[in-house]
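Welcome to this tour! Open your viewer, get ready to select residues by number, and follow along one stop at a time.

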Amino acid sequence: MSLSNKLSKILIIDFGSQFTQLIARRIRELGVFSEIVSHKKVNIKNILQENISGIILSGGPLNVYQNNKFKFEKKILKLGIPILGICFGHQILSKELGGSVKKSNYREFGLATITKISNSILTKDFFNKNNVSNVWMSHADQVSKMPTGFKIVASTKNSKLTIIENSKTNFYGVQFHPEVTHTPKGKILLRNFLFLICKMKKNWSSRDQKLKLINEIKQQVGENKVICGLSGGVDSSVVAQLLSKAIGKKLTCIFVNNGLLRKNEEFQVVNTFKKKLKMNLIYVNAEKEFIKKLTNVSDPEKKRKIIGNLFIKIFERYARKIKNVKFLAQGTLYPDLIESKSVTGSQSSKIKSHHNVGGLPKRMKLKLVEPLKFLFKDEVRKLGLELNLSSDIISRHPFPGPGLAIRMPGIITNEKIKILKEADYYFVKALRDHDLYHKIWQAYAALLPVKTVGVMGDNRTYEHICLLRAITSEDGMTADFYDFPKGFMQLVSNQIINNISGINRVVYDVTSKPPSTIELE
């Protein structure tokens, strides 16, 4: 019997929400095992065979009357298992139990204040002393009539039935999203559902996750060999170490220097993985090949596709030299997947393609191994520590697969790459020197596709603008800029301009995500 069948768990039925994996993540943080299944693949027989203590219905982009676009297995309502419906899940639960849903007179998107109407075990410690709490809304429809046997637990100004419950059947519905960080006490509500309503006990940890992933890799790969696309960043480093623990010498790591890495990065990667960790590592210097392919290309999506496709071609080129290689391992994370495509095949919006998921040829000759694809960055870091990787590797800021290519909008030249490597080096060095590096989730320098006039000494200059970006985040889904002291920004600006020929102006990006993405392209 597999680990997933043995453990008591929460089943999350996904209706296409971009936040579904956040629900699973919060449950993992609370120490409970959970699994996600698409609404299209709910199987009552499997549910009865597995040890499911509770069911959560996710949000989604549809409305409850688009019956041809989603599937709801009504038999789950007869199983005697506690159910929590979130946003769309709240609406579909209400409709299927005899309530009504209609288009809201006033749509609610963003922060809202919720007021307690009656006591509930679900909302224990959720409200403050004034019986209110802040929540994050994202809906245009709302429950207009409760099903029989339900009562109102809480309301907002524009949504009377914001939290409803039937304590006899243990069915609960919330119109807001408790899984997002913008609902400050959302984790308390989920905790109450797990431990007070579903009566679960903690059964999940980083060690459990490590063992589960190692087991899944062994089952997927079997006796075949795997090549791992190693970049030296946190994600690919953890994947490499995970595979090394799972399949040992059947793993060969291929590190491709695409010419778009940070300063001296290629030397650090070879030293760490080949010399210190003793992994099978092939180093490929493909700088000229990548830069030639990217000549005169300015469209960001084309850049990503070119880099992604060339990566795979190079992997395949070297895979032919190793017998019995059938798998390619990648450090794809969950935010990469949901920004590139819907994980469950729903109508979720595509934001941008990622090289790990968007640049793959349709007829790729290698099968994919992506053990981290349902994890967030901070979870990957915890896993890395569990795998005994050094803190120097684990604490590194995220670095995009296309590298510096997407940090210089416009065409790519060797001169721009050289300038940008130096600017990034000085910025990151200053962060480390001032003990700021570990307070920031991601920081980098970018080169904007415009030049401006400056004055150096008595001479007029016409050079590049360097943009600096530093953000704080928990998981990359949302982010805010780091508020540096003026003195630090002046210091960094002076160091960059005084030491790098080609830059005469430094600006700082103070945009959050959303509306911006973390990278420029």
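**Stop 1: Ser237**

Select Ser237 and Gly232 first: the side chain of Ser237 reaches the backbone oxygen of Gly232 at 3.4 Å. Keep in mind as you look around that this is a predicted model. Ser237 belongs to helix H7, which covers residues 234-247. Is Ser237 buried or exposed? Its relative accessibility is 0%, so Ser237 counts as buried, since buried means under 20% relative accessible area. Now show what surrounds it. Setting aside residues up to four places away in sequence, Ser237 touches Leu230, Gly232, Phe273, Leu389 and Ile393.

**Stop 2: Gln142**

Next, colour residues 132-145, which make up strand E6, and pick out Gln142 within that strand. Gln142 has a relative accessibility of 10%, so this residue counts as buried too. Which backbone oxygen lies 3.2 Å from a polar atom of the Gln142 side chain? Select Asn158 to find out: the oxygen is the one in the backbone of Asn158. Then display the other contacts of Gln142. Apart from neighbours within four places in sequence, they include Gln91, Ser100, Val101, Lys102 and Ser104. Ser159, Lys160 and Gln175 are also among them.

**Stop 3: from Asn158 to Leu368**

How far apart are Leu368 and Asn158 in space, C-alpha to C-alpha? The distance is 47 Å, and the two residues are 210 residues apart in sequence. Leu368 lies in strand E14, made of residues 367-369. With a relative accessible area of 24%, Leu368 is partly exposed.

**Stop 4**

Go to the loop between strand E5 (100-116) and E6, where you will find Asp125. Asp125 has a phi near 65°, which is a positive value in a residue other than glycine. At 46% relative accessibility, Asp125 counts as partly exposed.

Now turn to the aromatic rings. How many aromatic pairs does the structure hold? There are 13. For one of these pairs, show the side chains of Phe126 and Phe127: their ring centres are 5.2 Å apart and their planes meet at 85°, so the pair is edge-to-face. Both Phe126 and Phe127 are buried. For another edge-to-face pair, select Tyr425 and Tyr426, with 5.5 Å from centre to centre and 75° between the planes.

**Stop 5: charges over rings**

Stay with Tyr425, which is partly exposed with a relative accessible area of 33%. What sits over the ring of Tyr425? Show Lys263, and you will see its charged end 4.3 Å from the ring centre. For another such arrangement, select Arg432 and Tyr437: Arg432 lies over the face of Tyr437, 3.8 Å from the centre of the ring.

**Stop 6: two helices**

Colour helix H15 (residues 414-433) and helix H16 (residues 486-499) separately. They pack at an angle of about 145°, and their axes are 10 Å apart. The crossing of H15 and H16 is right-handed. To see where they meet, show Ala423, Tyr426, Phe427, Ala430 and Leu431 on the H15 side. Their partners in H16 are Phe488, Val492, Gln495, Ile496 and Asn499.

Ring pairs link Phe427 and Phe488 with Phe481, Tyr482, Phe484 and Tyr508.

**Stop 7: Asp435**

Move on to the loop between H15 and strand E15 (442-456), where Asp435 is found. Phi of Asp435 is near 55°, a positive value in a residue other than glycine.

**Stop 8: two prolines**

Finish in the segment after strand E18 (503-508), which holds Pro514. Pro515 is found in the segment after E18 as well. Display the backbone here and look at the peptide bonds. The bond from Lys513 to Pro514 is cis, with omega near -15°. A cis peptide bond also joins Pro514 and Pro515, with omega about 15°.

Definitions and conventions: Residues are numbered from 1 along each chain as its sequence is written. This is a predicted model: local features need pLDDT of at least 70, side-chain atom pairs count only at pLDDT 80 or more; totals for chains, interfaces and linings use all residues. Side-chain values use heavy atoms; hydrogens and water are left out. Helices (H or I, at least four residues) and strands (E, at least two) are DSSP runs, numbered from the N terminus. Buried means under 20% relative accessible area, exposed over 50%, partly exposed in between (1.4 Å probe, protein chains only). A polar contact is a pair of N or O atoms within 3.5 Å; within protein, one must be able to donate a hydrogen and the other to accept it, and residues adjacent in sequence count only if both atoms are side-chain atoms. Contact means heavy atoms within 4.5 Å. Rings of Phe, Tyr and Trp (its six-membered ring) pair if their centres lie within 6.5 Å; planes under 30 degrees apart count as stacked, over 60 as edge-to-face and the rest as tilted. A charge sits over a ring if NZ of Lys or CZ of Arg is within 6 Å of the ring centre and within 35 degrees of the ring normal. Axes are lines fitted to C-alpha atoms, for helices over the stretch in contact, and angles run from 0 to 180 degrees between N-to-C directions. A crossing is left-handed if the near helix is turned anticlockwise from the far one by less than a right angle, and right-handed if clockwise.
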